[in-house]
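Subject: Structure handover

Hello,

Here is the structure I promised to pass on. Please open it and keep it beside this email as you read.

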Number of protein chains: 2
Amino acid sequence: MAAGETRELTVDLGERSYPIYIGTGLIIRIGEIFKERAIPVKSPILLVTDSSVADLYADRVEEVFANAGYTVTTAVVPSGETSKSLEMLDELIGAALEAGLDRKSTVIALGGGVVGDLAGFVAASYMRGVRFVQIPTTILAHDSSVGGKVAVNHRLAKNIIGAFHQPEFVLYDLDTLASLPLREVRAGLSEVIKHGLIWNADFVAWCDENADKLLSLDSEALGYALYEGCKVKSIVVSRDERENDLRAILNLGHTIGHALEAVAGYGELLHGEAIAIGMVGSARLAAKFGYSSEIAEETERIFKKFGLPVRIPASCDPEEIMSAMLHDKKFSEGKMVFVVPTAIGSVEIRNDVPSSWVREIVDELREGN
Amino acid sequence: MAAGETRELTVDLGERSYPIYIGTGLIIRIGEIFKERAIPVKSPILLVTDSSVADLYADRVEEVFANAGYTVTTAVVPSGETSKSLEMLDELIGAALEAGLDRKSTVIALGGGVVGDLAGFVAASYMRGVRFVQIPTTILAHDSSVGGKVAVNHRLAKNIIGAFHQPEFVLYDLDTLASLPLREVRAGLSEVIKHGLIWNADFVAWCDENADKLLSLDSEALGYALYEGCKVKSIVVSRDERENDLRAILNLGHTIGHALEAVAGYGELLHGEAIAIGMVGSARLAAKFGYSSEIAEETERIFKKFGLPVRIPASCDPEEIMSAMLHDKKFSEGKMVFVVPTAIGSVEIRNDVPSSWVREIVDELREGN
């Protein structure tokens, strides 16, 4: 792959290592990249995308592949979380069979996290595993597109049916982000900042200084931020692919965040919004453990600067939030597990968090309190 | 694990290596074996079995586990191939969630190949992969329980949605085979003999001499035969886990066999019966490639001795058989891929088999010709 303006980094997983390309004008080079990586022209490709992304980019991607001699079939799924289902898996496996995909074929995810998780599980399970390529088209998906976690939902639990299936490569074309609504930009940047908060204080400071550029989707700033965000993710995933220990730090803000998403009703709070509130909560836990209260103040200030919520909506009942968190068996004995910051840019995993502390913070953070 | 009458062998796959235990009185020691292997008592177990096996062994297994301090929930699926579906996967994932299975839990398959493939895919995909234990209760399942191939069917293709997910161990309790109907015993032995035909001429000779003992389920003979059959399977799988090349030799007789199963209607011909006919066909191909015609005569004689069919039922239309085989894209240019014996006990993979030769053999092998 030529240098130019494209940033490249590697997720280091031995024989499953793969590159992440970040830059502009990349989608129109996908055919060329497939050839460079010796992906066979004879094996048909399945391009999975959703109804909102299909209109914008599917034709272009198909055309580029056709020019390079590849055969591509596009499967469009409805936008939104409900597409992450076994029914949709069944449909896409059918599409793959009808398109004649063989063991050397590739499944491509073109879209946000939902498309990535779903198409990834198709790639993981079709013929017991074929090639997979991620083309994320949201900022949020910089997180889910790296690391190989793929899954669909069950009616009783999210992401419970899945696999670890690393992509062949991740292609981040910044041009595809131009059409994102501002609210989604803010929510996507929440995960970018999270990667700074768990690992890299300098990058948090950089985000702080460059908030305006990031929010206005300045290509240079956004390319750098996604590069740094993906870098933290890849370092962590390289050291602990299957989440035996370290990888859990990526869940900063997610315990409270997931509970808020569930209680508010999925879609009311965007994922990035919910975890921003969650990260403020985790930073307040840090103070209770004796770390500086400035961590919480800084965390809150930065998320506010990015226009993200830092308070729990008044409509969310604290009892329901607690019970959504305590539903998880690990929390059954009054102690909860949390990722807790020890400073801006570093965290620790605590398994001794009294649920009473969490309850206090949930109360403090509710709007109106 | 103590020695006694138990035979043990290892599937050598580096950090995914695992033992196969073959002997009598093993099921009642399963709790003890779990403890020896440091499988945590706190994490609930899901025991998957089918309606015909459940009545015979499920209570006993549950009791043994309870005595060892483990919590087991049993899920019973209907007997037969139709249980290998995404709907059943959905149901079993629900059962796993309701039973509180966590990331350190185990899914056990107690039954034949259908239960093993289905429960194995549950284990592979639940929380992106939990422990899996195989307790095969048929002779045929000595093949499918070793090697980590797990899958469910799609309406358009068998075994198309799956994973490679190696078990923690395979426990073969010969006592569970005592209730097998004779037709299933014969059909199971067909895969045992296949392992001899591809790898070990001495073992084929041994099977030939011990046919009566095997058909009457003599424990000592059966234990030895399953040990030798599993040994061939594990050597091949150890060298090529993901079927890049060598593993394909395990498909001896399967190209014609699968076509016969499909054309006769699933259930009409048992899998072991269909591949016995298929192996006779492959041996006749060997003669066309210039190898000794004695290979085909010997192959036919042995399968007859075991009471297995060696002719294609007259009800199966040759055109349909050919088109079921040619449906596979790899065969599109008039040349077919076959595993062909070069002698009793060794095979080669040929990708230059003229479809006209196959057609001739299909005609020759039809009953009444």
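Below is what I found in it, one part at a time.

First, the ground rules. This is a predicted model, where local features need pLDDT of at least 70, side-chain atom pairs count only at pLDDT 80 or more, and totals for chains, interfaces and linings use all residues. Residues are numbered from 1 along each chain as its sequence is written, chains are lettered from A and ligands numbered from 1 in the order in which they are written, and side-chain values use heavy atoms, with hydrogens and water left out.

**Strand E3 of chain A**

Start with strand E3 of chain A, residues 45–50. Helices (H or I, at least four residues) and strands (E, at least two) are DSSP runs, numbered from the N terminus. Six of the six residues of E3(A) are buried, so the strand is largely enclosed by the rest of the structure. Buried means under 20% relative accessible area, exposed means over 50%, and partly exposed is in between (1.4 Å probe, protein chains only). Both faces are covered. A:Ile45, A:Leu47 and A:Thr49 sit on one side. A:Leu46, A:Val48 and A:Asp50 sit on the other.

Which strands pair with E3(A)? Two strands pair if DSSP finds at least two bridges between them. Strand E4 (residues 72–77) of chain A runs parallel to E3(A), joined by six bridges. There, A:Val48 stands opposite A:Ala75.

**Helix H7 of chain B**

Now go to helix H7 of chain B, residues 201–209. B:Phe203, B:Val204, B:Cys207 and B:Asp208 are buried. Seen down the axis of H7(B), the buried residues fall within an arc of 145 degrees, so they line one face of the helix. The arc is that of the directions from the helix axis to the C-beta atoms. An α-helix has 3.6 residues a turn, so residues three or four places apart point the same way. On the other side of H7(B), B:Asp202 and B:Glu209 are exposed.

What do the buried residues of H7(B) pack against? Their partners are helices H6 (182–199), H8 (211–215), H9 (219–239) and H12 (294–305) of chain B. Contact means heavy atoms within 4.5 Å. At the N-terminal end, B:Asn200 caps H7(B), with a side-chain oxygen 3.2 Å from the backbone nitrogen of B:Asp202. That is a polar contact: a pair of N or O atoms within 3.5 Å; within protein, one must be able to donate a hydrogen and the other to accept it, and residues adjacent in sequence count only if both atoms are side-chain atoms.

**Two single residues**

B:Thr299 lies in helix H12 of chain B. At 3% relative accessibility, B:Thr299 counts as buried. Leaving out residues up to four places away in sequence, B:Thr299 touches B:Leu197, B:Met279, B:Val280, B:Ala283 and B:Ile344.

A:Val340 lies in strand E10 (residues 335–343) of chain A. Its relative accessible area is 0%, so A:Val340 is buried.

Best wishes
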